[in-house]
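User: Could you take a close look at one strand in this model for me, and then walk me through a few other spots?

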Amino acid sequence: MENIAQTQFENVSFNVPEVLSLIRKHQEEVRDVVTANYVDFVANNATNSTLIDSGKVLETQIKELVAATSQLTVDKSSGAWNDLRHYQRDLEEGVRGYKIARKLLSIHDLFESINLKSNGYEKKAHILGKIKVLLDEVEDPVLPELHCFQSMILRYETEYEALTNDLNVEFTNLVVLQQRSFQNTKSITIRIRKDEDKLYQVVATLMKTQHDFQSVSQFLLENVFAPVIVKPVALVCDEQSDEHNVLIQLSYQQSVTEELRPGYKTVLSNIMQIFYNLSNMNIVVSDEECLFKVIAKQMKKDLCDMLIERCLEREIPDTIEGMKESAMVKDVCEFNTFLLTTNFADGRNDQLLEQYANSIETIHQKKLCDNVLESALDIMKRESHEMVLIEEHEYQFGTSTVRFSSCMVTRTVVELKKFLDKVLTEADAHGEAAERFVKTIATILERYTVDVPMSNEKLLFKIPQQSALFRNDCMYLNYWLQKNDDKLKDHCLFTNIADALKACGEDIFQHQLNNQRTQTMQALNGFKLSINLVELGTEQQRAIRQCIRQFELLKNVWQTVLPDPVYKQSLAGLIDLFVREIIKRIQSLEDITTAIGNGLALLIDTMKETLPNLFKDPNDVHQHVKQWTKLLQLQQILNGSLVEITELWAEGKGPLTMCFSTEEVKHLIRALFQNTKQRQACIASIV
């Protein structure tokens with residue numbers, strides 16, 4: 001065994017230098033070729049085929065020698081072990097140099113074959129692809145440091161650019177895209193050469209070089225499809241007239257009014273016709289690769305979005321009848337199928353149009369309800385000073401009966417109520433849209449409580465009649481909700497809206513009442529009574545008359561507008577404030593002369609003559625004006641003698657006790673009469 005191992009080692013030690021010598025010789029020859037072509041650019045007589053053949057023989061020898069060295073088992077303690085390690089290192093270095101030389105020679109050989117006359121575009125692209133793989137696979141870090149290797153990279157880029165430029169020139173000759181702009185119009189021409197073989201070779205090679213056809217996609221989107229979608233175009237697609245070319249021509253106005261925009265059927269038809277003729281350039285390389293798919297990746301989403309947003313969206317019917325007659329859903333689905341059939345697919349947006357088609361019904365409902373809301377808002381915005389009488393009637397709400405007294409409302413709210421009736425009828429008749437209709441009604445009424453007060457703020461707060469009408473309008477809509485409660489699905493929602501309507505109307509009207517109270521108190525600034533006053537003058541009389549005039553004006557604008565109970569309550573509250581203030585000021589006097597007392601009694605006479613007439617039934621003043629009886633009794637005290645006052649008190653059982661306390665009566669007696677025994681006796685009887 002030792003003899004066999006020794007013999008093998010001797011063979012290896014003999015063959016390694018020989019193989020290394022051959023490697024060095026091969027490297028020198030490759031270096032000469034590479035240097036001549038990529039460094040010094042000097043002609044070299046060595047032929048690539050000879051070098052490649054010798055390289056193949058050398059590679060076989062290297063493999064055999066490497067196999068032999070790997071199989072040797074030499075005792076590490078022997079001197080042969082160190083020799084073997086030395087031979088292995090030399091061989092590894094030699095193999096490394098050989099691999100670099102082989103790679104450089106392989107790349108050079110491919111470069112040499114790239115420009116052969118027999119090579120077409122596809123073959124050139126294939127060779128460049130192989131070169132790219134070799135250049136990208138850098139197994140040895142020495143390679144990028146070699147000047148010749150960098151020259152090879154530069155040559156690859158040059159060859160690749162030259163190929164793509166040639167392909168682009170050929171493609172632009174085969175597919176001519178032209179546009180011409182004039183003062184008001186634009187003309188687009190597309191010519192596709194009927195040379196299928198040449199077109200296939202050029203397009204297929206461009207796709208293999210990962211060309212994205214961005215310029216073609218952009219031209220089609222911006223200059224062809226965009227105008228077709230939004231403008232009336234003159235379109236000519238001709239495959240027959242010219243035996244050499246397919247022609248697509250379109251022209252259109254640069255600026256077009258909204259009214260002239262084409263219908264969606266015309267748009268879809270034109271796009272299909274254009275795609276049908278463009279299919280003459282749709283080179284199919286495989287089931288997965290074709291030109292239309294490459295273009296689709298660049299522009300399909302933009303095309304679909306443009307079609308949806310600038311054409312389909314605006315043509316979805318906004319009436320129920322229009323939707324019944326529309327074939328848009330079917331047409332869009334068929335168009336989407338056509339695009340897929342023509343291979344205009346990008347794998348991501350291919351269902352975009354079909355998904356949109358399936359949502360058209362929902363969009364229609366939303367559009368319909370948006371129009372309903374818009375129509376309702378238009379009604380609300382109308383300034384209507386025309387009033388309509390609403391006769392007294394009853395609404396059944398649950399188990400209780402709610403009475404809505406006769407009153408006036410605006411013509412606007414009557415129109416709004418009729419409109420809501422119509423919307424509710426539509427909701428009952430169309431189950432699918434019912435919920436959306438009902439929600440729209442809710443939105444309309446919610447907007448009413450916000451939009452109407454905001455847009456009519458000055459009128460509502462300054463003009464008493466307008467605030468009264470608005471209060472009635474809100475109540476009218478509130479009762480409409482109660483009447484239709486069984487038809488409105490969300491009871492809680494509409495209960496809240498009904499409460500909001502009622503509160504809104506009441507708040508506006510209460511604000512008006514507060515204004516009237518303020519005006520009353522301001523008018524009474526002229527009704528000044530003091531201890532220094534000898535007799536009443538015109539100032540006090542004017543203040544009383546001003547307040548009465550204010551109430552008469554309110555009667556004129558409120559009595560026929562407000563429901564009778566509301567009118568009585570509202571005006572009576574203002575009169576009661578007025579009367580209470582008069583009584584309070586008279587009672588505050590410490591001394592009332594005969595002249596002042598008579599003057600005050602006369603002013604009360606004026607009030608007695610005028611204020612009851614503010615009500616349909618003058619007797620209502622007794623029931624609704626709480627201070628009225630006290631005013632009448634105050635007049636009796638002002639006009640009465642000590643004896644009469646004593647009788648009216650009647651030891652705490654007389655009519656005066658209904659409105660006056662003992663201290664109030666005693667104070668008035670002291671103010672009206674001088675301190676005499678009779679006054680003392682009268683005061684003593686007031687207990």
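Analyst: Buried here means under 20% relative accessible area, exposed over 50%, and partly exposed in between (1.4 Å probe, protein chains only). In a regular strand the side chains alternate between the two faces of the sheet. Strands (E, at least two residues) and helices (H or I, at least four) are DSSP runs, numbered from the N terminus. This is a predicted model, where local features need pLDDT of at least 70, side-chain atom pairs count only at pLDDT 80 or more, and totals for chains, interfaces and linings use all residues. Residues are numbered from 1 along each chain as its sequence is written, and side-chain values use heavy atoms, leaving out hydrogens and water.

Now for the partner strand. E5 pairs with E8 (residues 407–410) in the antiparallel sense over four bridges; strands pair if DSSP finds at least two bridges between them.

Phe213 sits in the loop between helix H6 (196–208) and helix H7 (214–230), and has a positive phi of about 55° although it is not a glycine. Phe213 is buried, at 1% relative accessible area. Asn343, in the loop between helix H11 (328–341) and helix H12 (352–381), is another non-glycine with positive phi, near 70°. Asn343 counts as partly exposed, at 27% relative accessibility.
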